[in-house]
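Hi,

Here is the structure we talked about.

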Amino acid sequence: MSTREHGTYVKYKVDGCRCQPCRDGETRYRANRSRAIAYGTWQPYVDAEPVRQHIVALNEFGIGWMRLAQLAGVPRGVVSKLLYGDPKRNMGPSKRLLPKNAAALLAVEPTLDNLADRAYTDGTGTRRRLQALVAAGWPQTRIAERIGIQNFNTTIRGNQPVLASTARAAITLYDELWRADPRDHGVRDYVVARTRRIAAEHRWAPVGAWDDDTIDDPAAFPDWTGRCGTPEGYRAHYPTGVPLCEPCRHAYREHRAVLKTVTAA
């Protein structure tokens with residue numbers, strides 16, 4: 001038995017209800033339709049292809065079509081027909097869809113917040129945040145407990161994708177602790193010193209070497225000196241005691257090559 005609400009065009013049209021509220025709903029629908037046609041604003045359907053491409057892009061990011069339907073508040077059947085059609089009726093993927101459904105689906109963006117907990121995402125930012133906390137003196141065991149993962153060594157040292165739930169937990173913890181002193185939270189001095197040595201041995205960049213806009217970018221590099229990646233960064237490393245980084249080495253080599261060219265000319 002249909003549970004559609006009375007007084008609507010859909011109840012009148014699909015369920016065939018002819019009660020007075022449904023007849024009134026059908027009358028209002030036709031009146032609005034005629035008015036919209038007269039003013040040139042009648043758009044019952046829109047092209048489905050841009051929406052379909054958006055769905056494919058979101059899927060590549062890690063947002064499946066069922067998750068997308070949930071986020072957009074659109075019936076699963078609508079999204080399924082957009083992608084796969086209706087095999088029972090021998091119909092191909094939808095060519096058109098309602099504007100409200102199109103707008104709702106297009107409004108969903110490829111962001112970490114929209115990924116399901118068990119979906120995988122790039123682990124670059126997660127590793128850098130965890131490594132920066134270790135460089136600040138936070139013991140790895142305490143960090144692992146706080147974000148609730150057992151394969152902590154793989155997460156902080158590897159280069160594999162991580163669960164979206166892990167990535168979100170790492171961001172939350174990083175935002176909470178990046179300015180905090182571990183010793184103010186019960187971590188003993190010798191543990192802080194030992195933890196920082198471990199980070200230094202692995203060349204894990206500290207919090208100050210990362211910018212919020214670049215920490216998740218796999219192509220970005222830590223700015224150890226404030227001038228890394230420039231010819232000046234080569235010399236800036238020595239006073240800090242931080243070993244020369246590859247971006248500074250590369251920038252200095254390019255700078256020397258330019259000087260030789262100018263001198264030869």
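Start with Asp 117 and Arg 168. Their side chains meet in a salt bridge, 2.5 Å from N to O. This pair links distant parts of the chain, 51 residues apart. Asp 117 sits in the loop between α6 (99-106) and β3 (120-121). Arg 168 belongs to helix α10 (residues 164-177). Asp 117 is partly exposed, at 46% relative accessibility. Arg 168 has 19% relative accessibility, so it counts as buried, the cut-off being under 20%. Keep in mind that this is a predicted model.

Next, Asp 216 and Arg 129. Here too the side chains form a salt bridge, with an N to O distance of 2.8 Å. Arg 129 is buried, at 8% relative accessibility. Asp 216 is partly exposed, with a relative accessible area of 40%.

Then look at Arg 89 and Asp 86. What is the distance between the closest N and O atoms of this salt bridge? They are 3.7 Å apart. That pair counts because the limit is within 4 Å. Arg 89 is exposed, at 61% relative accessible area. Asp 86, in contrast, is buried at 13%.

How many salt bridges are there in total? The count comes to seven, including the pairs above.

Best wishes

Methods
Residues are numbered from 1 along each chain as its sequence is written. This is a predicted model: local features need pLDDT of at least 70, side-chain atom pairs count only at pLDDT 80 or more; totals for chains, interfaces and linings use all residues. Side-chain values use heavy atoms; hydrogens and water are left out. Buried means under 20% relative accessible area, exposed over 50%, partly exposed in between (1.4 Å probe, protein chains only). Helices (H or I, at least four residues) and strands (E, at least two) are DSSP runs, numbered from the N terminus.
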